[in-house]
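Reader: Please present the structure, and then let us examine its fold and some selected residues in turn.

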Amino acid sequence: MTRAIQMDTAGSRPKAGTQTLLDQAALLCHERGVRLTEMRRLVLDLVLAADRPLGAYDLLEQLRVSRGKPVAPPTVYRALDFLMEQGLIHKIERLSAFVGCRHMLESGYVCHGHDHVHAAQFLICSQCGRVTELDDPHILKALVEVTRARGFTVRQSTIEAEGVCAACA
(Lines give C-alpha, C1' and ligand atoms only; values in the text may rest on other atoms or scores of the structure.)
Protein backbone atom coordinates (compact mmCIF):
# COMPACT_ATOMS: atom_id res chain seq x y z
CA MET A 1 0.00 0.00 0.00
CA THR A 2 1.34 3.41 -0.96
CA ARG A 3 1.11 6.14 1.64
CA ALA A 4 1.68 9.71 0.52
CA ILE A 5 2.72 12.50 2.85
CA GLN A 6 2.36 15.95 1.36
CA MET A 7 4.31 19.06 2.21
CA ASP A 8 1.87 21.53 0.74
CA THR A 9 3.30 24.87 -0.34
CA ALA A 10 -0.10 26.53 0.07
CA GLY A 11 -0.05 26.65 3.87
CA SER A 12 1.80 25.59 7.00
CA ARG A 13 1.10 22.66 9.29
CA PRO A 14 -0.32 23.21 12.76
CA LYS A 15 2.25 23.77 15.50
CA ALA A 16 0.74 21.03 17.68
CA GLY A 17 1.56 18.42 15.03
CA THR A 18 5.10 19.69 14.81
CA GLN A 19 5.50 19.49 18.59
CA THR A 20 4.38 15.85 18.56
CA LEU A 21 6.95 15.06 15.86
CA LEU A 22 9.69 16.88 17.80
CA ASP A 23 8.83 14.83 20.90
CA GLN A 24 9.01 11.64 18.81
CA ALA A 25 12.42 12.74 17.44
CA ALA A 26 13.69 13.36 20.98
CA LEU A 27 12.51 9.89 22.02
CA LEU A 28 14.19 8.26 19.01
CA CYS A 29 17.46 10.08 19.74
CA HIS A 30 17.31 9.06 23.41
CA GLU A 31 16.73 5.40 22.42
CA ARG A 32 19.75 5.59 20.11
CA GLY A 33 21.97 7.19 22.75
CA VAL A 34 22.50 10.41 20.79
CA ARG A 35 21.68 13.98 21.79
CA LEU A 36 19.05 16.15 20.16
CA THR A 37 20.69 19.41 21.24
CA GLU A 38 18.83 22.70 21.35
CA MET A 39 20.23 23.77 17.96
CA ARG A 40 19.42 20.41 16.35
CA ARG A 41 15.89 20.62 17.75
CA LEU A 42 15.49 24.21 16.49
CA VAL A 43 16.61 23.21 13.00
CA LEU A 44 14.32 20.17 13.00
CA ASP A 45 11.43 22.33 14.22
CA LEU A 46 11.93 24.77 11.33
CA VAL A 47 12.17 21.97 8.77
CA LEU A 48 9.06 20.19 10.09
CA ALA A 49 7.01 23.38 10.38
CA ALA A 50 7.92 24.64 6.91
CA ASP A 51 5.35 24.62 4.14
CA ARG A 52 8.07 23.77 1.61
CA PRO A 53 11.54 22.21 1.53
CA LEU A 54 14.07 24.57 3.14
CA GLY A 55 17.62 25.26 2.01
CA ALA A 56 20.46 25.84 4.48
CA TYR A 57 20.40 29.59 3.87
CA ASP A 58 16.64 29.69 4.49
CA LEU A 59 17.32 28.01 7.81
CA LEU A 60 20.15 30.43 8.64
CA GLU A 61 17.85 33.39 8.00
CA GLN A 62 14.98 31.95 10.02
CA LEU A 63 17.31 31.17 12.91
CA ARG A 64 18.75 34.71 12.76
CA VAL A 65 15.26 36.20 12.93
CA SER A 66 13.97 33.89 15.68
CA ARG A 67 17.09 34.14 17.85
CA GLY A 68 17.80 37.81 17.16
CA LYS A 69 21.42 37.09 16.24
CA PRO A 70 23.24 35.35 13.40
CA VAL A 71 24.08 31.66 13.52
CA ALA A 72 27.31 30.42 11.94
CA PRO A 73 26.71 28.34 8.78
CA PRO A 74 28.84 25.40 10.04
CA THR A 75 26.53 25.13 13.07
CA VAL A 76 23.49 24.68 10.84
CA TYR A 77 25.30 22.29 8.49
CA ARG A 78 26.39 20.14 11.46
CA ALA A 79 22.80 20.06 12.73
CA LEU A 80 21.53 19.10 9.25
CA ASP A 81 24.17 16.35 8.97
CA PHE A 82 23.16 14.94 12.35
CA LEU A 83 19.45 15.03 11.50
CA MET A 84 20.11 13.26 8.18
CA GLU A 85 22.31 10.63 9.87
CA GLN A 86 19.49 9.91 12.30
CA GLY A 87 16.96 9.65 9.46
CA LEU A 88 14.92 12.57 10.83
CA ILE A 89 15.20 14.65 7.66
CA HIS A 90 15.91 14.07 3.99
CA LYS A 91 17.85 16.21 1.56
CA ILE A 92 16.05 16.76 -1.72
CA GLU A 93 19.15 16.90 -3.92
CA ARG A 94 17.30 18.34 -6.90
CA LEU A 95 16.28 21.34 -4.79
CA SER A 96 19.29 21.41 -2.45
CA ALA A 97 16.75 21.64 0.36
CA PHE A 98 15.56 19.63 3.34
CA VAL A 99 12.28 18.06 4.44
CA GLY A 100 11.37 16.17 7.58
CA CYS A 101 11.10 12.40 7.40
CA ARG A 102 7.49 12.42 8.47
CA HIS A 103 7.19 8.72 7.60
CA MET A 104 9.60 7.69 10.35
CA LEU A 105 8.48 10.29 12.87
CA GLU A 106 4.77 9.58 12.40
CA SER A 107 5.18 5.80 12.47
CA GLY A 108 7.71 5.81 15.31
CA TYR A 109 9.71 3.22 13.40
CA VAL A 110 13.31 2.96 14.50
CA CYS A 111 15.84 1.47 12.09
CA HIS A 112 17.98 -1.15 13.82
CA GLY A 113 21.02 -2.75 12.26
CA HIS A 114 21.85 -3.03 8.59
CA ASP A 115 18.97 -5.26 7.50
CA HIS A 116 16.58 -2.33 7.12
CA VAL A 117 16.88 -0.05 4.10
CA HIS A 118 15.98 3.55 4.82
CA ALA A 119 14.15 4.58 1.67
CA ALA A 120 12.64 7.86 0.60
CA GLN A 121 10.62 8.51 -2.52
CA PHE A 122 9.63 12.04 -3.49
CA LEU A 123 7.39 13.51 -6.16
CA ILE A 124 8.41 17.11 -6.91
CA CYS A 125 6.09 19.42 -8.85
CA SER A 126 8.17 21.58 -11.16
CA GLN A 127 5.39 24.19 -11.35
CA CYS A 128 4.21 24.83 -7.77
CA GLY A 129 7.09 23.27 -5.82
CA ARG A 130 4.89 20.85 -3.90
CA VAL A 131 6.82 17.85 -2.59
CA THR A 132 5.04 14.59 -1.78
CA GLU A 133 6.89 11.91 0.17
CA LEU A 134 5.78 8.41 -0.75
CA ASP A 135 5.97 5.37 1.46
CA ASP A 136 5.59 2.64 -1.14
CA PRO A 137 7.14 -0.72 -0.24
CA HIS A 138 6.69 -1.95 -3.84
CA ILE A 139 9.18 0.62 -5.13
CA LEU A 140 11.72 -0.36 -2.48
CA LYS A 141 11.16 -4.07 -3.07
CA ALA A 142 11.77 -3.68 -6.81
CA LEU A 143 14.96 -1.72 -6.18
CA VAL A 144 16.29 -4.24 -3.65
CA GLU A 145 15.52 -7.20 -5.93
CA VAL A 146 17.25 -5.64 -8.95
CA THR A 147 20.33 -4.63 -6.98
CA ARG A 148 20.65 -7.96 -5.14
CA ALA A 149 20.63 -9.75 -8.50
CA ARG A 150 23.74 -7.71 -9.29
CA GLY A 151 25.45 -8.49 -5.98
CA PHE A 152 24.78 -5.04 -4.52
CA THR A 153 23.29 -4.34 -1.08
CA VAL A 154 21.22 -1.17 -0.74
CA ARG A 155 21.53 0.55 2.65
CA GLN A 156 19.85 3.84 1.81
CA SER A 157 17.78 5.01 -1.13
CA THR A 158 16.31 8.32 -2.21
CA ILE A 159 14.25 8.55 -5.36
CA GLU A 160 13.25 11.97 -6.67
CA ALA A 161 10.77 12.17 -9.50
CA GLU A 162 10.06 15.58 -11.01
CA GLY A 163 6.84 16.28 -12.88
CA VAL A 164 3.53 18.09 -12.57
CA CYS A 165 1.11 17.48 -9.70
CA ALA A 166 -2.61 16.98 -10.20
CA ALA A 167 -3.39 20.52 -9.01
CA CYS A 168 -1.11 22.05 -11.65
CA ALA A 169 -1.96 19.66 -14.50
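**Fold, helix contact and hairpin**

Author: The protein has six helices and six strands. The model is a predicted one.

Reader: What percentage of the contacts in the protein with a separation of 6 or more is accounted for by residues 24 or more positions apart?

Author: The protein has 169 residues, of which 40% count as buried. Among the contacts with a separation of 6 or more, the share of residues 24 or more positions apart is 66%.

Reader: How far does helix H2 reach from its first C-alpha to its last?

Author: Helix H2 spans residues 38-49 and has 12 residues. At 1.5 Å a residue, a span of 16 Å is expected. The reach in the model is close to that expectation, at 16 Å.

Reader: Are H2 and H4 roughly parallel or roughly perpendicular to each other?

Author: The axes of H2 and helix H4 (residues 73-85) come within 9 Å and cross at roughly 75°. Angles of 65 to 115 degrees count as roughly perpendicular. The two helices, H2 and H4, are therefore roughly perpendicular.

Reader: Which residues of H2 and H4 make the contact, and how many of them are nonpolar, polar and charged?

Author: H2 contributes Met39, Arg40, Val43 and Leu44, and H4 contributes Thr75, Ala79, Leu80, Phe82 and Leu83. The buried residues of H2 include Met39, Val43 and Leu44. By class, the contact of H2 with H4 has one charged, one polar and seven nonpolar residues.

Reader: In which sense do E2 and E3 pair, and which residue of E3 is the bridge partner of Lys91?

Author: Strands E2 and E3 form a hairpin with four residues between them. Their pairing is antiparallel and runs over four bridges. The bridge partner of Lys91 in E3 is Phe98.

Reader: What is the phi of Ser96, and is this residue buried or partly exposed?

Author: Ser96 lies in the loop between strand E2 (89-92) and strand E3 (97-100). Ser96 is not a glycine, yet its phi is positive, at about 50°. Buried requires under 20% relative accessible area and exposed over 50%. Because its relative accessibility is 43%, Ser96 counts as partly exposed.

Reader: Which residues of E3 point one way, and which the other?

Author: In a regular strand the side chains alternate between the two faces of the sheet. All four residues named here for E3 are buried. Ala97 and Val99 point one way, and the other way point Phe98 and Gly100.

How values were computed:
Residues are numbered from 1 along each chain as its sequence is written. This is a predicted model: local features need pLDDT of at least 70, side-chain atom pairs count only at pLDDT 80 or more; totals for chains, interfaces and linings use all residues. Side-chain values use heavy atoms; hydrogens and water are left out. Buried means under 20% relative accessible area, exposed over 50%, partly exposed in between (1.4 Å probe, protein chains only). Two strands pair if DSSP finds at least two bridges between them. The expected span of a helix is 1.5 Å times one less than its number of residues. Axes are lines fitted to C-alpha atoms, for helices over the stretch in contact, and angles run from 0 to 180 degrees between N-to-C directions. Angles under 35 degrees count as roughly parallel, over 145 as roughly antiparallel, 65 to 115 as roughly perpendicular and the rest as oblique. Contact means heavy atoms within 4.5 Å. Ala, Val, Leu, Ile, Met, Phe, Trp, Tyr, Cys and Pro count as nonpolar, Asp, Glu, Lys and Arg as charged, and the others, Gly among them, as polar.
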